[in-house]
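Student: Could you walk me through this structure, one question at a time?

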Amino acid sequence: MSESGNMMQWRIREAVPADVPNILAIERQAFSIPWNEESILGWIRGENRCYYLAEEAEFGVLLGYLGVFFVAGEGEIASVAVGAPFRKYGVGKSLFRHLKGICRRDRVGSLFLEVREKNVPALALYESEGFERVGFRRGYYPDTGEGAVLMKTFIHP
Ligand SMILES: CC(C)(COP(=O)(O)OP(=O)(O)OC[C@H]1O[C@@H](n2cnc3c(N)ncnc32)[C@H](O)[C@@H]1OP(=O)(O)O)[C@@H](O)C(=O)NCCC(=O)NCCS
């Protein structure tokens, strides 16, 4: 699938083990508690889970990724990040649009995720993609004491 936002064009594909170093580079930049190599590799190779990458169309530079685990007709989003220079071009949104297409194809009825209560960009992305707040876990993240906002959206066939 080919996508574009302003001057940037990208495509979305499933990750393979050779992508791990590039994923790690964004992971370390984006999160205070990043996943390590082993966890990302386990996710790429694991059953019922997928890691989708957005890569720049011409040179294949990794722009961002989304990891999801499918269980009992629901997709649980475990990880979403876009490299700092590539944010606010619509990459995050297009990863979600891609995932929703997969969900429709595979009859996955809903998507679920957790997000830090003060993560304004992520909350904006999820709300713009139709996620609604369905719960709150106070003090869930030990590093900052932030609560976790639980969000869900239903996939309409
Ligand atoms: C959250 C993140 C993935 C968003 O990716 P992105 O590619 O920049 O998002 P998009 O450009 O697709 O924007 C999607 C929507 O969110 C809004 N948004 C994105 N960044 C925003 C910001 N900093 N402030 C306010 N709104 C923002 C956009 O305006 C857009 O809204 P619209 O549909 O109404 O136009 C990115 O900021 C990121 O990687 N952050 C660090 C990692 C992280 O926090 N991941 C989420 C963990 S739960």
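Tutor: Gladly! Helices and strands here are DSSP runs, numbered from the N terminus, and a strand has at least two residues. Keep in mind that this is a predicted model.

Student: In which strand is the place of A148?
Tutor: The strand to look for covers residues 148-154. A148 has its place there, in strand β8.

Student: Is A148 buried, exposed or partly exposed?
Tutor: A residue is buried with 20 or more other C-beta atoms within 10 Å and exposed with 12 or fewer. A148 has 17 C-beta neighbours inside 10 Å, so A148 counts as partly exposed.

Student: Which residues is A148 in contact with, leaving aside its neighbours within four places in sequence?
Tutor: Contact asks for C-beta atoms within 7 Å. With the neighbours within four places in sequence left aside, the partners of A148 are E114, V115, R116, R137, Y140 and Y141.

Student: How are α1 and α2 placed: parallel, antiparallel, perpendicular or oblique?
Tutor: Helix α1 (residues 20-30) and helix α2 (residues 37-45) have axes that come within 10 Å and cross at roughly 125°. Angles over 145 degrees count as roughly antiparallel and 65 to 115 as roughly perpendicular, with the rest beyond the roughly parallel ones being oblique. That angle therefore makes α1 oblique to α2.

Student: Is the crossing of α1 and α2 left-handed or right-handed, and which residues make the contact?
Tutor: The crossing of these two helices is right-handed. On the α1 side the contact is made by V20, I23 and L24, and on the α2 side by E37, I40 and L41.

Student: Which helix gives the largest share of the shell around the ligand?
Tutor: The ligand is surrounded by 19 residues, and the closest are R87, G92, K93, A124 and S128. β5 (74-82), α3 (91-105) and α4 (120-128) each supply at least two residues of this shell. The largest share, six residues, comes from α4.

Student: Is K88 buried or exposed?
Tutor: K88 has its place in the loop between β5 and α3. Its phi is positive, about 65°, although K88 is not a glycine. K88 has 12 C-beta neighbours inside 10 Å, so K88 counts as exposed.

Student: And where does N48 lie?
Tutor: N48 also has a positive phi, about 60°, although it is not a glycine. N48 is exposed, with 10 other C-beta atoms within 10 Å. N48 lies in the loop between α2 and β3.

Definitions and conventions
Residues numbered from 1 in each chain as written. Predicted model: local features only at pLDDT ≥ 70, side-chain atom pairs only at ≥ 80, totals over all residues. Axes fitted to C-alpha atoms, helices over the stretch in contact; angles between N-to-C directions. Helix = DSSP H or I, 4+ residues; strand = E, 2+ residues; numbered from the N terminus. Parallel < 35°, antiparallel > 145°, perpendicular 65-115°, else oblique. Left-handed = near helix turned anticlockwise from the far one by under 90°. Contact = placed C-beta atoms within 7 Å. Near = placed C-beta within 6 Å.
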